[in-house]
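Let's walk through this model together, one contact at a time. Have a look at the chain below before reading on.

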Amino acid sequence: MTDQQPSPFERGTDGPKVIVAGVDGSESSLRAAAYAGGLARRQNALLAIVYVQPLMSSGAALGAPVADTTGEIAEGLAEQIRTSAEQVRGIWDVRWEFHTLRGDPYNGLVTAADDLKADAVVVGASESAGHRFIGSVAVRLVKAGRWPVTVVP
């Protein structure tokens, strides 16, 4: 008889306890957050909604205040999520948190998922044509192979 050691990935629970949903304000990311919310509700898991504020954008080259703009986007997303949660309170309850980080979306989601000890990551499909050449955040997360990743169209 051999002694089986638990793998380092095993956290001793059944089902996900933390589901990370990456949002950026796009329609597909908001659908991903809604899908992740449904998963979190059914599994009684924490839904961690993560927005990664970009460090540089095309507006920065033109002198636009990027930090203020991305901060406003984060505040707008948080308010939209709060409003949506209030509308379904009592019918559809889920524990959720909103996190915002600065950096590129891939590294930000990896950092958030690691820090929160995520059991799953849910993101929207890329709506950018340029990702055919450099790879989308979703593809890079899948290739990382650290969590189950669901890509919502």
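There is one salt bridge in this predicted structure, where the term asks for a side-chain nitrogen of Lys or Arg within 4 Å of a carboxyl oxygen of Asp or Glu. The partners are R146 and D114, whose closest N and O atoms sit 2.3 Å apart. They tie together distant parts of the chain: R146 is in the loop between α6 and β5, D114 is in helix α4, and 32 residues separate them. R146 is partly exposed at 38% relative accessible area, and D114 is partly exposed at 33%; buried would be under 20% and exposed over 50%, with a 1.4 Å probe and protein chains only.

Now for the sheet. Five strands make an open, parallel sheet, ordered β3-β2-β1-β4-β5. Pairing takes at least two DSSP bridges, while helices (H or I, at least four residues) and strands (E, at least two) are DSSP runs numbered from the N terminus. The edges are β3 (96–102) and β5 (149–152), each pairing on one side only. Strand β2 (residues 46–53) pairs with β3 over seven bridges, and L47 stands opposite W96 in β3.

Helix α4 (residues 105–115) packs on this sheet, touching β1, β2, β3 and β4; contact means heavy atoms within 4.5 Å.

How far to trust it? Mean pLDDT, the predictor's per-residue confidence from 0 to 100, is 80 for the protein. Over residues 130–134 it is below 50.

Residues count from 1 along each chain as its sequence is written, and side-chain values use heavy atoms, leaving out hydrogens and water. As this is a predicted model, local features need pLDDT of at least 70 and side-chain atom pairs 80 or more, whereas totals for chains, interfaces and linings use all residues.

Technical notes:
Axes are lines fitted to C-alpha atoms, for helices over the stretch in contact, and angles run from 0 to 180 degrees between N-to-C directions.
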